[in-house]
Amino acid sequence: MAAVTTSTERSLNKLAIVGVLIVTMIFLAPIYWIASTAFKPRNLATTIPPTVLFQPEISPFVKLFTKRSQLRTAPTPEQYAAAPWWERLVFDGGEKVVRSGRGEVQWSGYPNRFMNSLIVAITSTVLAVGMGTFTAYGFSRFKIKGEQDLLFFILSTRMLPPVVVAIPMFLMYRVVGLNDTHWGLIILYTAFNLSFSVWLMKGFMDEIPKEYEEAALVDGYTRMEAFFKIVLPEAATGIAATAVFCFITAWNEYAFALIMTNRRAQTAPPFIPSQVGSGLSDWTVIAAGTFLFLLPVAIFTFLLRNHLLRGMSFGAIRK
Amino acid sequence: MATAVMTTLDPNSRSAARGMSDLTIRNLFIIPTIVFLIVFNIFPLIYSLGYSFTDFRASSAAPANFVGLQNYRELLNDPFIWSNFAITAKYVIVSVVGQVVVGFGVALLLNRDIPLKGLLTTLLLLPMMLSMAVVGLFWKLLYDPSFGIINYTLGLGSFEWLSNPDMALYAVAITDIWMWSPFVMLLSLAGLSAVPKHLYEAAAIDRAGSFYTFFRITLPLVAPILMIAIIFRTMEAFKTFDLAYILTSQPTTEVISIRLYKMAFQEWQTGRSCALAYIVLIMILAITNIYVKYLNKVKER
């Protein structure tokens, strides 16, 4: 290899490094921008030229979680002094936190939507990965007539456009009363992720040597015991990676949530955009909501980094 | 198809003597998934196939009347639907070509000795993991004609991206390219790293130009994986809904999924929308078929 590393090769390498750095900066700029907007004072969010350096604030997050109204008159010094620190941040922005007659702080719609997203994503992930792991083991270890056709059938259910599935599901849910419920979305996301989970887990199962279980069977384990005591621990990494992928998919999903929910079970993706365009939108609050929503995905992406290729190719490319 | 699962498997297997037989376990493990998918994916499709032959409107209490193939006939003769398909095709081409050029290009840059390569790759992959709807939302901020950083950075003044009928579709495609080039990059990198080093060394000894090396060695060897990326992205771009729906409401960005959504849930032409859904479905299944063929092909290597 040393013979190939000429001086032109080395300068090409330097050029590539510069290129990669520039590309990375361009790709991260939108994410940086939304994250930094989440910490800006409102008057600096939409300036020209754009504000890059500023004193970060957490007032957008306070506003995100509370219901607010315009201040008609400035708060008296006593009112201001009596208010907790976070409420003063809202006063500083020319607004006040809405309180009930008994003085309880009124929450905005956001925390509720965030919880809905968590409930729906976690439950559907557990179901999809649970069923997917068993099924993948079945496909991996046993002879199945028409195996390829069945696997194609399973994958094709994942490829259906959400709106196509949503029309009949909406009509059926209306009959059984599942519209705008957590279970309605959980079922849809489980079905959507199940096919993915089967394909990905099958790849992980195929990698666990059959000899492990065979040795266990010889030692007197039943097949079930061998599955739970030998195979599952071996597949733990694969299960975790699959679960994170399923979680992210369910967490991010928009079209089903838009169609199937409107209030009680609404998740964050249809809720966050609905806040834009209602009067003068406060971009710092929208950015704060976006930031909190994207944060778990960013962390998971980092944890998943070695499995991204595999997950994105449905387990076909393993490397 | 479910019956295919129930073929015989040796009920007298070694483990069958104790506990359940392999046959029972296999059926126990596989059948629930198949049933679940049939109930929640296939059955709804059969249900909507039925409605596609009616004039049913979910917004009215009037019973559905059987109209035969009328919905299909009218849809296929509707120039507006064809223009939705044309918009979708244009969107697919612009965004997939963009993703392949950017994604493959960046992969070529990354396929060298680069410090912190792992970290940079992970950072570059971030956009594709994010929610399309939320990405659409914050690109609205970036595209804003008066305070968006895109116009500011490029010195475009108050150029209209999203409310300009000629530009809106490209704006959506650019966002899609930003989001999904990393996907093409990821797969291309896998393909590139699998090209045996000795081929390049042999080419260097033969004094082959870099042009020749690229087209005769790199490209043909990466092609199958690149094909997977292209087919998958084509399929996803064809189905696109979230980004275009959130970014703009221009008639020039009304891709087929948006038309379908409006027909079903805003105009409440339920029967007709079921028919359109079927037309889209058949197209998607055709692409899926090709996709799975490629997946299996690459898997075998």
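**Interfaces between and within chains A and B**

Across the interface of chain A and chain B, 1 salt bridge is found. The structure is a predicted model, and the contacts reported here were computed from its atoms. The salt bridge pairs B:Asp22 with A:Arg223, and the closest N and O atoms of these residues are 2.9 Å apart. Polar contacts were counted separately: between chain A and chain B there are 10 residue pairs in polar contact, with both residues at pLDDT 80 or more.

The size of an interface is often given as the accessible area lost when the parts come together. For chain A and chain B the buried area is about 9,400 Å², and carbon and sulfur atoms give 83% of this area. Chain A contributes 105 residues to the contact, and chain B contributes 106 residues. On the side of chain A, the three residues that supply more of the area buried against chain B than any other three are A:Phe27, A:Met159 and A:Met312; together these residues account for 7% of that area.

Chain A itself is divided into two domains, with domain 1 spanning residues 57-108 and domain 2 spanning residues 111-312. The centres of domain 1 of chain A and domain 2 of chain A, taken over C-alpha atoms, are separated by 39 Å. In the contact between these domains, 8 residues come from domain 1 of chain A and 8 residues from domain 2 of chain A. The area that domain 1 of chain A and domain 2 of chain A bury between them is about 740 Å², with 80% of it on carbon and sulfur atoms. Of the area that domain 1 of chain A buries against domain 2 of chain A, 56% is supplied by A:Pro60, A:Phe61 and A:Leu64, more than by any other three residues. Between domain 1 of chain A and domain 2 of chain A the count is 1 salt bridge. A:Lys63 and A:Asp282 form a salt bridge in which the closest N and O atoms are 3.4 Å apart. The polar contacts across the interface of domain 1 of chain A and domain 2 of chain A amount to 1 residue pair, with both residues at pLDDT 80 or more.

Chain B is likewise described by two domains, domain 1 (2-51) and domain 2 (74-300). The C-alpha centres of domain 1 of chain B and domain 2 of chain B are 36 Å apart. Contact between them involves 5 residues of domain 1 of chain B and 4 residues of domain 2 of chain B. About 400 Å² is buried between domain 1 of chain B and domain 2 of chain B, and carbon and sulfur atoms give 74% of this area. B:Leu45, B:Ser48 and B:Tyr51 supply 80% of the area that domain 1 of chain B buries against domain 2 of chain B, more than any other three residues. The side of domain 1 of chain B that touches domain 2 of chain B consists of 4 nonpolar residues and 1 polar residue, with no charged residues. Across the interface of domain 1 of chain B and domain 2 of chain B, 0 salt bridges are found. That interface has 1 residue pair in polar contact, both residues being at pLDDT 80 or more.

Cysteines were also examined. A search of the whole structure gives 0 disulfides over all chains. A:Cys246 has a relative accessible area of 0% and is therefore buried. B:Cys274 also counts as buried, because its relative accessibility is 1%.

Conventions: Residues are numbered from 1 along each chain as its sequence is written. Chains are lettered from A and ligands numbered from 1 in the order in which they are written. This is a predicted model: local features need pLDDT of at least 70, side-chain atom pairs count only at pLDDT 80 or more; totals for chains, interfaces and linings use all residues. Side-chain values use heavy atoms; hydrogens and water are left out. A disulfide is a pair of cysteine sulfur atoms within 2.5 Å. Buried means under 20% relative accessible area, exposed over 50%, partly exposed in between (1.4 Å probe, protein chains only). Domain bounds come from an automatic or database domain assignment. Contact means heavy atoms within 4.5 Å. Buried area is the accessible area (1.4 Å probe) that two parts lose on being put together, summed over both. A salt bridge is a side-chain nitrogen of Lys or Arg within 4 Å of a carboxyl oxygen of Asp or Glu. A polar contact is a pair of N or O atoms within 3.5 Å; within protein, one must be able to donate a hydrogen and the other to accept it, and residues adjacent in sequence count only if both atoms are side-chain atoms. Ala, Val, Leu, Ile, Met, Phe, Trp, Tyr, Cys and Pro count as nonpolar, Asp, Glu, Lys and Arg as charged, and the others, Gly among them, as polar.
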